[in-house]
Amino acid sequence: MSALDTGVARTVRPASAAEVAVALAACAAAGERVLPVGAGTALAAAGAPEACDVALVLGALQGVVDYSPEDMTLTVLAGTTLDTIRQTLASRAQRLPGLPVNAGTIGGLLACGWTAPEEREAQGTLRERLIGAQVADSTGRVTRSGGRVVKNVTGYDLHRMHVGAGGAFGIFTELTFRLEPEPEHRAHVSLEAPSLEAAREAWRWLRAEGPEAAFVCVRPGPVLAARVEGDEEPAREAALALAAGWGRWGSVSSREPVSPEAPAPGRARLSVSLRAAPSRVLDLFEEVKGAVAYPQSGEVWLDLAGDPDDLTARLRTLARGTYRVHDEAPAFLPPELPRWSADPGALVALAKVKRALDPSGILRPGSYSADALERAAAWFARR
Amino acid sequence: MARAPGIYHITPAAGPRLARSRRAALARTLARVVGEEAVRWREPELLVYDADGLVIEKFWPDLVVLPRTGEEVREVMRFAAREKLPVMARGAGTGLCGGSLAERGGIVISVARLDRVLAIEPEDRLAVVEPGVVNLDLSRAAAAHRLYYAPDPSSQMSSTVGGNLATNAGGPHCLKYGQTHRHILACTFVSAEGEIVRVGDRAPGGPAAELLSVMIGSEGTLGVVTELTVKLLRVPETVRTFLASFETVEAASRAVSDLIAAGIVPAALEMIDHLTIVAVEPYVHVGLPMNAGAALLIELDGPAAGMDRRARQIESMCTARGAMNYREAKDDAERALLWKARKGAFGAMGRIANGFYVMDGVVPRTRLPETLARVGQICEERGLRVANVFHAGDGNLHPNVLFDPDNPAEVSAALEASFEILRTCVALGGSLSGEHGIGNEKREMMGLVFTPDDLEVMRAVKTALDPGEALNPDKIFPTGHEPWRPVPLRAVASGDEGAWI
């Protein structure tokens, strides 16, 4: 979906955090609903937005505010592209783990709550890496939480709450991250397992006795693939240990898995991510067929195609139990298949926070509108 | 706007606010829910709950309840709401910022009896625990599966995981593994209205907006946590520990910069300064030169392969920066000894002063030498000595301002110095607290870091979830009251091996 497809009446392109706040205050006064837009590549990723009056395009908020390689911190404006960040850090052999290969802006990526699974198993999510942010809200305020130091317990960590909200509680204007050094060495091991049972055993062995893997995925075949990384010597040794261990279950190679590993936000097809505890992921993988499983991060990614009614019916069965529909939620999906926590109390609490931080309710109407949160809470409470 | 400290005073421990007869009546009603033996209301029983790790500032609660289940916590919350009494959750009472003080009286909910490890699930690498589980006990319980709980605050032998969640606790190893927030998958809490709410998920790192991030570190101001689901990590195959001494803090800091520039991520990177060495060496006998300006403790963990190369690299980096001596622990006993130089620092303060005030500031790591110079200057200008202990890898410093508690002028000077030290940290791009929290101790200083708008937004979240300010009132946010000053600890007897920071 591009910004043009959203049917907004007008587009605003603020050039500073102050301009974002002024624009939001004006929209609040006029009762105009606002859709924040980064690169416009994944507008449905925090749940499909409802009709909006104003597209607030943040691409002009571009640039590195502060990069301190020795402190391993990076502060950027929210519209900074992922490419700019990658290039900035590459010069010092550092990285912000979890950036996907896609185009996009860092603010948009965080608003989607998305962290590339290839990275987050070993390095944590971008939410964990975010140590401070500046946010503009619909009352016209520009405020901060956190800071630029890697260790900090001063005040509420509101910046992490905004991750995944699509801008519904406030719009990121500046972000500060804790960085990591690039690992010296990466190695890949894959196993063509003769059966799902063999894949399951190979996964359990890895988890309980094998070397620490930075990333594990299971693709149809089933094929298990793992990456180990770190200093060169231990990474090489871990790859050997892994190949020897997995060799008991099937043929092993050191081929790098084919990218991309997982559907990225913004794909035209309906991509759903189902979440489950790691020990349940392979059950889910078996059940849904044709998916990619990430057992360490507790997810199964599934590309679905078909007419909306069939997809909806399929999702209803998939979404039971601990399985959740995440990531993109196209407009045809009914509201009772949300991407949220299934706890009614948590949804009601989020609705209260939404009302407190966006009293006019103009920010990104959709999944995180107070009414939508309360409806979802009522639905889960009935269940 | 934070105010400069005035003359210090000890808040008189005036006893409970409510009359004995009223407390007795409330206790009878509460006993119907949680049982008589779970309610404390007589003065001698309340006495031990009038302070936490900040020790001297004392406020009596009116009642203390020790529930055994989340449902009991919910009933206590509902009772408190009916009676319009504030509720303070309390773990082990080791917090250093006065975060569990019953400043307005009310009910302290101790989680001491909510102390069960409910499940350890090795394949999912998680544990489900009640909030009163002691941090180190959790790692002990997970050890059979070669797993452990990574956050290791100084108090881990006694502090609880619930208290750790409330303060987003740190510790030396959070340099590599991150603070508590990176290790909590989910929690269940009782809201101000007495509802049971669950936030987070068993699968790590969900993409949705959530309140878990705000609950962690909210110091009990948004809910009373009754259950936690926490990540467990694989116990590292190898641990290597090194101790080096240097002529100056600057030289040691340059060695730290070299390490980081080389892409080494140590598990811990801790430093002590000259005065701390003077205090600690005669007690731990680890072989630090008494004229050394700083000692640096470096720990690596992970796979054994390749660690020899890193060890050689670290040694040559320390040598290049003029290390006066350098040793590596040969075994666990020697590792414990090297750590004692760091961990024993607080107990050893008693050798060099009668009183000390532990500060907890944080700056960007590269500003540490400059910050320490300024800290030294601030203390010198006031005729005070300062002994520094710090997490050099992440810029978290703990200056111990030394003074004589029986000399009011010196006490006042120490408090003034501590305020200036925190102001310096903020001015150098840092913050008020790296790991202890804000609580009661630093709330009036919040204006140094945040604008009124910043605080208003945080306050709006508090008000949305706790409109009656029933949960741990007057913590974190400035109250505009007369600036409250903590009275420093009198140093414990030298050689005490109790809590270290």
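Predicted model: local features only at pLDDT ≥ 70, side-chain atom pairs only at ≥ 80, totals over all residues.
Local features are reported only where pLDDT is at least 70 and side-chain atom pairs only at pLDDT 80 or more, whereas totals for chains, interfaces and linings use all residues. Residues are numbered from 1 along each chain as its sequence is written, and chains are lettered from A and ligands numbered from 1 in the order in which they are written.

The secondary structure of chain B consists of 15 helices and 20 strands, where helices (H or I, at least four residues) and strands (E, at least two) are DSSP runs numbered from the N terminus. For 501 residues a compact globule would have a radius of gyration near 23 Å, and the 23 Å of chain B agrees with this; the radius is taken over C-alpha atoms, and the globule rule is 2.2 Å times the number of residues to the power 0.38. Along the principal axes, the C-alpha atoms of chain B fill a box of roughly 70 × 60 × 40 Å. Of the 501 residues, 60% count as buried, that is, with 20 or more other C-beta atoms within 10 Å of their own, against 12 or fewer for exposed residues and values in between for partly exposed ones, the C-beta atoms being placed from the backbone. Among contacts in chain B between residues at least 6 apart in sequence, 75% join residues at least 24 apart, a contact being a pair of residues whose C-beta atoms, placed from the backbone, lie within 7 Å.

Between the chains, 76 residues of chain B are in contact with 71 residues of chain A. Two or more residues on this side of chain B come from each of strand S9 (196–200) and helices H7 (212–215), H8 (249–261), H10 (307–320) and H15 (452–465) of chain B, and H15(B) gives the most, with nine residues.

The largest nonpolar core has 229 residues, of which Ala295(B), Leu296(B) and Val401(B) touch the most other members; such a core is a set of buried Ala, Val, Leu, Ile, Met, Phe, Trp, Tyr and Cys residues joined through C-beta atoms within 7 Å. Leaving aside neighbours within four places in sequence, the contacts of Val401(B) include Phe356(B), Met359(B), Leu384(B) and Ala414(B).

Three bridges join strand S2 (residues 63–65) of chain B to S4(B) in parallel, with Val64(B) partnered by Val108(B); strand pairing requires at least two DSSP bridges. Strand S3 (residues 87–90) of chain B also pairs with S4(B) in the parallel sense, over four bridges, and here Val87(B) has Ile107(B) as its bridge partner.

In chain A, Ala239(A) is placed in helix H8 (residues 232–246) and is buried, with 22 other C-beta atoms within 10 Å. Beyond neighbours within four places in sequence, Ala239(A) is in contact with Ala187(A), Val189(A), Val228(A) and Ser254(A).

Note on methods
Contact = placed C-beta atoms within 7 Å.
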